[in-house]
Amino acid sequence: RPEAGCYMLLAWCLWHPFMYRQQTNWEFVLETLTIQGGLLILLSHFMLFRSNAKQPLLGGNKSDSPLHKRANQLQAVGRMLIVSIFLYYAFQKVHSYA
């Protein structure tokens, strides 16, 4: 199952900064958060793909189901995490001018 692989990689990404004692290195932590964001988006895709495979071809799309809501929440969090490293670099660039 691909979902199990995503969960294992997410757990690895959570442990990764602490294993190398880099939890105070913000650049390293935010790069890891960016990877986690991509994994969350991938996980939300797998959740939606799995639920759509069970629906009939001519059936309506149940976008208000709890699974779809959970997948949309995961995708939103993933998108915010992907942007985190870019915000860090933008802040560093602006902060160096001040």
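C6 is buried, with a relative accessible area of 3%, where buried means under 20% relative accessible area, exposed over 50% and partly exposed in between, taken with a 1.4 Å probe and protein chains only. C13 is likewise buried, at a relative accessible area of 7%. The structure holds 0 disulfides, a disulfide being a pair of cysteine sulfur atoms within 2.5 Å. The model is a predicted one, in which local features need pLDDT of at least 70 and side-chain atom pairs count only at pLDDT 80 or more, while totals for chains, interfaces and linings use all residues. Residues are numbered from 1 along each chain as its sequence is written, and side-chain values use heavy atoms, with hydrogens and water left out.

Turning to the overall fold, the chain has 3 helices and 0 strands; helices (H or I, at least four residues) and strands (E, at least two) are DSSP runs, numbered from the N terminus. Read from the N terminus on, the elements follow the order α-α-α. Of the 98 residues in the chain, 29% are buried.

Helix α1 covers residues 2–19. Its 18 residues should span 26 Å at 1.5 Å a residue, and the end C-alpha atoms lie 25 Å apart, which agrees; the expected span is 1.5 Å times one less than the number of residues. The buried residues of α1 are E3, C6, L10, C13, H16 and P17. As a reminder, an α-helix has 3.6 residues a turn, so residues three or four places apart point the same way. After α1 comes R21, with a positive phi near 55 degrees.

W12 also has its place in α1, and this residue is partly exposed, with a relative accessible area of 40%. Together with W15, F18, M19 and Y20, W12 forms a nonpolar patch on the surface, with about 560 Å² of accessible area in total. Patches are made of residues with over 30% relative accessible area and no salt bridge, like charges being joined within 9 Å and nonpolar side chains (Val, Leu, Ile, Met, Phe, Trp, Tyr) within 5 Å. A salt bridge is a side-chain nitrogen of Lys or Arg within 4 Å of a carboxyl oxygen of Asp or Glu, and accessible areas come from the Shrake-Rupley method with a 1.4 Å probe, only the protein chains shown counting as cover for residues.

Finally, the count comes to 1 aromatic pair. The rings of Y88 and Y89 have their centres 5.8 Å apart and their planes at 55 degrees, so the pair is tilted. Rings of Phe, Tyr and Trp (its six-membered ring) pair if their centres lie within 6.5 Å, with planes under 30 degrees apart counting as stacked, over 60 as edge-to-face and the rest as tilted. Y88 is partly exposed at 21% relative accessible area, and Y89 is partly exposed at 38%.
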